[in-house]
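Please walk me through this structure.

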Amino acid sequence: MSPLAFDIAHLLAGSMVVVSFLLLYQDRITGVLNVFAVQAIILALAVAFQAWSQGAPHLYLTALIALIVKGGIIPLALHRIVRELGIHREIEKVVGVGLTMLVGLALTALAVIVVLPIAQEAGRVGREDLAFALAVILLGLLMMITRRNAVTQVVGFMSLENGLVLAATGAKGMPLVVEISVAFSILIAFIVFGIFVFRIRERFDTVDVHALERFRGD
Amino acid sequence: MRLLLDLLAQGLQMTLVLAAAPLLVGWTRKLRARLLRRRGPDLVQPYRDLVRLLRKEPVIAHSASPYFRVAPYLVFASTWIAAALVPTYATGLMFHWATDLIAIVAFLGFARFALGLAGMDVGTAFGGIGSSREVMIASLAEPAMLLVVFTLALLAGSTQLSAIAEFLVREPVGLRVSLGLALVALLMVAIAENARIPVDNPTTHLELTMVHEAMVLEYSGRHLALIEAASALKLTAYFSLVACLFFPFGMVTSTSSPLLYPLGILAWMAKIAVLGAVLAVFETAVAKLRVFRVPEFLGGAFVLGFLGTLLLFVSRAL
């Protein structure tokens with residue numbers, strides 16, 4: 001692989017990690033949704049570039065799915081949900097931005113330290129994509145933990161899935177069947193989440209998931 | 001003969017930064033005023049201010065210790081050294097072995113320490129607030145700055161500015177997301193360190209939000225002139241640093257002939273002017289942050305610097 005192609009792959013994958021940090025930092029709900037759309041678009045670019053450089057045409061389809069579903073439909077639908085719930089102006093109190101960012105940095109470092117030694121056989125790009133993808137996945141998980149709002153938790157989950165797709169494309173592509181089934185399961189999860197959010201709202205007049213804690217039964 | 005030429009080139013750089021620093025300040029002020037639809041002071045107004053202050057007699061508080069008189073000279077000297085060490089128009093000048101990034105950070109840190117101490121010397125509450133805030137900002141900015149240094153050192157294999165600049169001119173580094181992150185982080189640090197909006201407002205007086213101005217409130221006359229000159233030099237030093245690290249084109253490398261120096265000087269002036277314009281536009285566009293949000297701003301710079309180092313580490317660990 002030429003140095004320029006490597007640089008472009010590095011740039012796109014690296015930007016995904018940076019955008020993940022932006023997601024962690026952003027505390028306005030509409031801002032979170034916009035940043036998520038940006039991440040999906042960067043993912044689509046990264047996958048499309050991999051398709052071109054690996055000569056794997058079926059990856060173009062993956063890129064297209066990422067672009068249309070995650071860069072378009074899901075953010076738009078979430079925007080609608082947020083508006084219908086009347087929380088589009090809400091500013092979420094993120095528990096300690098500084099602490100979250102530090103934990104995020106530690107997780108990113110962990111991803112790099114874990115992946116680099118075990119992926120010696122993979123190519124340069126594969127190893128790098130794997131490290132960044134793991135970082136994106138961990139940051140998505142972190143976002144799900146630190147947020148209280150059900151909608152932003154959904155975004156955290158979706159961003160985690162972006163990381164999965166990045167990992168899969170870096171590793172010499174994944175079978176199309178797997179990709180499509182993953183995309184569909186994500187879509188279904190999204191619908192379930194949507195219904196779930198509305199049900200929480202109906203019952204408790206809020207989408208703050210801490211309202212559920214009273215029902216833990218301990 | 002060779003030695004004499006080398007000395008001359010280095011001396012030229014030292015006088016160049018000193019002579020250009022007030023002009024840079026005048027340029028950003030003028031531009032900011034124009035953006036706010038005011039006419040603004042003359043470009044050479046900072047020189048006039050400095051001359052006027054130098055002529056005036058300094059007034060010193062009764063409670064001031066001898067250190068109060070010494071501090072402006074310490075601040076000015078160490079800032080000037082830092083500004084003169086950053087390569088402006090050429091790499092590989094006579095003292096290029098001393099142009100270590102960490103050393104420059106240390107010189108600037110020493111100047112800040114000296115000024116912070118002087119702010120507390122008289123014993124007014126205002127100076128104390130200024131000093132404590134300035135040091136808080138500095139303690140947050142310095143780690144971010146060092147991470148930027150690490151990023152560049154990983155890439156170029158050296159912390160010597162001259163070597164890094166030559167490396168960046170010579171080698172094709174390609175598209176590096178780390179360099180972009182480091183640039184943004186360095187700009188954020190530069191804004192915080194130079195007491196610009198959104199961290200501090202360089203034009204306020206007697207306001208509870210001010211940081212740098214509160215610290216130097218007790219100074220007057222030639223002492224104030226030295227401090228003002230030092231802050232102009234600091235701005236120039238940071239701009240030269242950005243220009244030399246991230247936009248090194250137009251710099252005269254050590255292998256080419258000294259006849260190209262005028263061209264290098266012109267290129268440097270142009271780069272500094274562009275950066276000054278960007279600063280003016282940015283300052284007009286954003287509002288000042290609350291002091292307690294400054295850690296978030298600089299935390300962002302730290303995160304970007306760290307990510308830059310990390311991403312570079314991944315692509316180089318083979």
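Val97(A) counts as buried, because its relative accessibility is 17%. Buried means under 20% relative accessible area, exposed means over 50%, and partly exposed lies in between (1.4 Å probe, protein chains only). Val97(A) sits in helix H4 (residues 97-118) of chain A. Helices here are DSSP runs of H or I with at least four residues, strands are runs of E with at least two, and both are numbered from the N terminus. Val97(A) and Gln26(A) are 71 residues apart along the chain, and their C-alpha atoms are separated by 9.2 Å.

This is a predicted model, where local features need pLDDT of at least 70, side-chain atom pairs count only at pLDDT 80 or more, and totals for chains, interfaces and linings use all residues. Residues are numbered from 1 along each chain as its sequence is written, chains are lettered from A and ligands numbered from 1 in the order in which they are written, and side-chain values use heavy atoms, leaving out hydrogens and water.

**A histidine in chain A**

His79(A) belongs to helix H3 (residues 58-85) of chain A. His79(A) is buried, with a relative accessible area of 18%. What does the side chain of His79(A) make a polar contact with? The partner is the side chain of Asn34(A), at 3.1 Å. A polar contact is a pair of N or O atoms within 3.5 Å; within protein, one must be able to donate a hydrogen and the other to accept it, and residues adjacent in sequence count only if both atoms are side-chain atoms. Leaving aside residues up to four places away in sequence, His79(A) touches Thr30(A), Leu33(A) and Asn34(A). Contact means heavy atoms within 4.5 Å.

**Salt bridges**

Side chains of opposite charge can pair when their charged atoms come close. A salt bridge is a side-chain nitrogen of Lys or Arg within 4 Å of a carboxyl oxygen of Asp or Glu. The whole structure holds ten salt bridges over all chains.

| Asp42(B) | Arg48(B) | 3.2 Å |

Asp42(B) is partly exposed at 40% relative accessibility. Arg48(B) is partly exposed too, with a relative accessible area of 43%. Asp49(B) and Arg52(B) both lie in helix H2 (residues 45-55) of chain B, three residues apart, which is about one turn of the helix.

Glu193(B) lies in helix H7 (residues 177-193) of chain B and Arg112(B) in helix H4 (residues 101-121) of chain B, so the pair ties together parts that are 81 residues apart in sequence. Both Glu193(B) and Arg112(B) are buried. Shared partners join Arg112(B), Glu142(B), Glu193(B) and Lys234(B) into one network of salt bridges.

**Helix H4 of chain B**

H4(B) has 21 residues and reaches 30 Å from its first C-alpha to its last, close to the 30 Å expected at 1.5 Å a residue. The expected span is 1.5 Å times one less than the number of residues. The buried residues of H4(B) include Leu101(B), Ile104(B) and Arg112(B). Asp100(B) caps the N-terminal end of H4(B), with a side-chain oxygen 3.0 Å from the backbone nitrogen of Ile102(B). Just after H4(B), Gly123(B) takes a positive phi of about 95°.

**Loops of chain B**

Pro198(B) is in the loop between H7 and H8 of chain B. The peptide bond from Ile197(B) to Pro198(B) is cis, with omega near 5°. Ala195(B) lies in the loop between H7 and H8 of chain B. Phi of Ala195(B) is near 55°, a positive value in a residue other than glycine. Is Ala195(B) buried or exposed? Ala195(B) is buried, at 8% relative accessible area.

Arg37(B) is in the loop between helix H1 (2-35) and H2 of chain B. Phi of Arg37(B) is near 65°. Arg37(B) is exposed, with a relative accessible area of 79%.

**Where the chains meet**

Chain B and chain A bury about 1,800 Å² between them, 78% of it on carbon and sulfur atoms. Buried area is the accessible area (1.4 Å probe) that two parts lose on being put together, summed over both. The contact takes 20 residues from chain B and 22 residues from chain A. Zero salt bridges are found across this interface. One residue pair is in polar contact between chain B and chain A.
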